[in-house]
Amino acid sequence: MDPTRRSPSPCSSRTPSPRTPPCGEMLGYVGIEAVLDQLKIKAMKMGFEFNIMVVGQSGLGKSTMVNTLFKSKVWKSTPPGLGGPTPQTLKLQSVTHVIEEKGVKLKLTVTDTPGFGDQINNDKCLRPLDIEFLQRLCQAVNVVPVIARADSLTLEERETFRRRIQHNLRTHCIDVYPQKCFDEDVNDKILNSKIRDRIPFAVVGADREHLVNGRCVLGRKTKWGIIEVENMAHCEFPLLRDLLIRSHLQDLKDITHNVHYENYRVFRLNQSHVLPRGPGWVNLAPVPASSPVIPRSSKVPGRVQEDSEEKF
C-alpha cells in the first residue's frame, strides 16, 4: 500500500447536498439563550437597588407621594403642628426599605431635604433658588420634575403652569430626564419625546383606599368627591410611576452608573494633579482653567432623583 496515499475522510467522500450543511458548520443546540435564565436567576437572588431624593417645600406631600409610588409605608411624615419647627436643610435624611413583589426584591433608599426653601417666596414659578439648585443638580443626577398637589389647579391652569416650567427649564439649560442625548433608537426617541412633552408631571399623592362605584381605588377624599391617584382624568401619577419603575428604572440606574458616576470619577482624577505625589498618584493632564467645574454632559455619582417641589 502506498504510504503517500491517504484514505479519504468520511467528510470528503460525500458530496454535500443542498439539505446537508458542510462538515465545518456548527450543528446542534449550544445553549446560549440560557444566559437570559442565568441573569434572571441571579437578579432574583440579589435583588435590585434604587435611590431617590425628593426635594421640595414642607407640606407638599413628598412623603405621601413616595408612599403612593411604591404602595408601601416607605416614609413617615410628621403631621403639621405636631413635630415642631421644620428643620433646615443642613443635613440630608435617608431611610432604606426592602420591598418585595412577586419574588423580586427592591432595596429602596429615599433621601429627603427637610425645610428646603421654606422661607423663600415662590409665587413666580421657579425661584432663583430652584433654578440654581436644578442647574447644579442636573449635572449630577437624573432630574424628574413634578407639579405637586395638582388637584389644586384647574386643567387649564395646570397646562399653563406646565408650559411655564418647560420654558424655564429650556431658558436656563436645565436638562431633565430622559435626556435627548441618550435616546438609543427610533422607538426610544418616540417614547421619550412623549414623556418630555408631559414633564413636569401633575401628580396627586394618596395612601388610602376608597370605595368608588363598587371598587376600591387609591385616592384622596374631598368634599367634592374622590380624587383617584391612578385615574389619568384626575392626575398624571400613572405616568410618573411608569417612568420611574415600569419602563425606565434600569435605564435610570445605567445612566447613573455608566455616565454620571464615570464622568464624576474622571473629573476627580483630573483634579488629582493638585495633590502631592505619593502612593496611588494618577498623572493626568490638569483641567484647563477655562473649563467649567463639571462639563455640561458630566454627572456626579448620584441617586436617581425625583424632585417633588411644587414646581418640580
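Tutor: Axes are lines fitted to C-alpha atoms, for helices over the stretch in contact, and angles run from 0 to 180 degrees between N-to-C directions. Helices (H or I, at least four residues) and strands (E, at least two) are DSSP runs, numbered from the N terminus. This is a predicted model, in which local features need pLDDT of at least 70 and side-chain atom pairs count only at pLDDT 80 or more, while totals for chains, interfaces and linings use all residues. Residues are numbered from 1 along each chain as its sequence is written, and side-chain values use heavy atoms, with hydrogens and water left out.

Student: At what angle do α4 and α5 pack?

Tutor: Helix α4 (residues 155–171) packs against helix α5 (residues 186–198) at about 110°, and their axes are 9 Å apart. Angles of 65 to 115 degrees count as roughly perpendicular, under 35 as roughly parallel, over 145 as roughly antiparallel and the rest as oblique, so α4 is roughly perpendicular to α5.

Student: Which residues make the contact?

Tutor: Glu159, Arg162, Arg163 and Gln166 of α4 meet Arg196, Asp197 and Arg198 of α5; contact means heavy atoms within 4.5 Å.

Student: And how many of them are charged, polar or nonpolar?

Tutor: The contact of α4 with α5 has six charged residues, one polar and no nonpolar. Asp, Glu, Lys and Arg count as charged, Ala, Val, Leu, Ile, Met, Phe, Trp, Tyr, Cys and Pro as nonpolar, and the others, Gly among them, as polar.

Student: Changing topic, in what order do the strands of the open sheet come?

Tutor: The order of the three strands is β6-β7-β8, with antiparallel pairing. Two strands pair if DSSP finds at least two bridges between them. The edge strands, β6 (208–212) and β8 (225–228), each pair on one side only.

Student: How many bridges join β6 and β7?

Tutor: Five bridges link β6 with strand β7 (residues 215–222) in the antiparallel sense. Arg208 has Gly219 in β7 as its bridge partner.

Student: What about Asn142, buried or exposed?

Tutor: Asn142 counts as buried because its relative accessibility is 0%; buried means under 20% relative accessible area, exposed over 50% and partly exposed in between (1.4 Å probe, protein chains only). Asn142 lies in the loop between α3 (128–137) and β4 (146–147).

Student: Where is Met46, then?

Tutor: Met46 belongs to helix α1 (residues 34–46). Met46 is exposed, at 63% relative accessible area. From C-alpha to C-alpha, Met46 and Val104 are 9.1 Å apart in space, and they are 58 residues apart in sequence.
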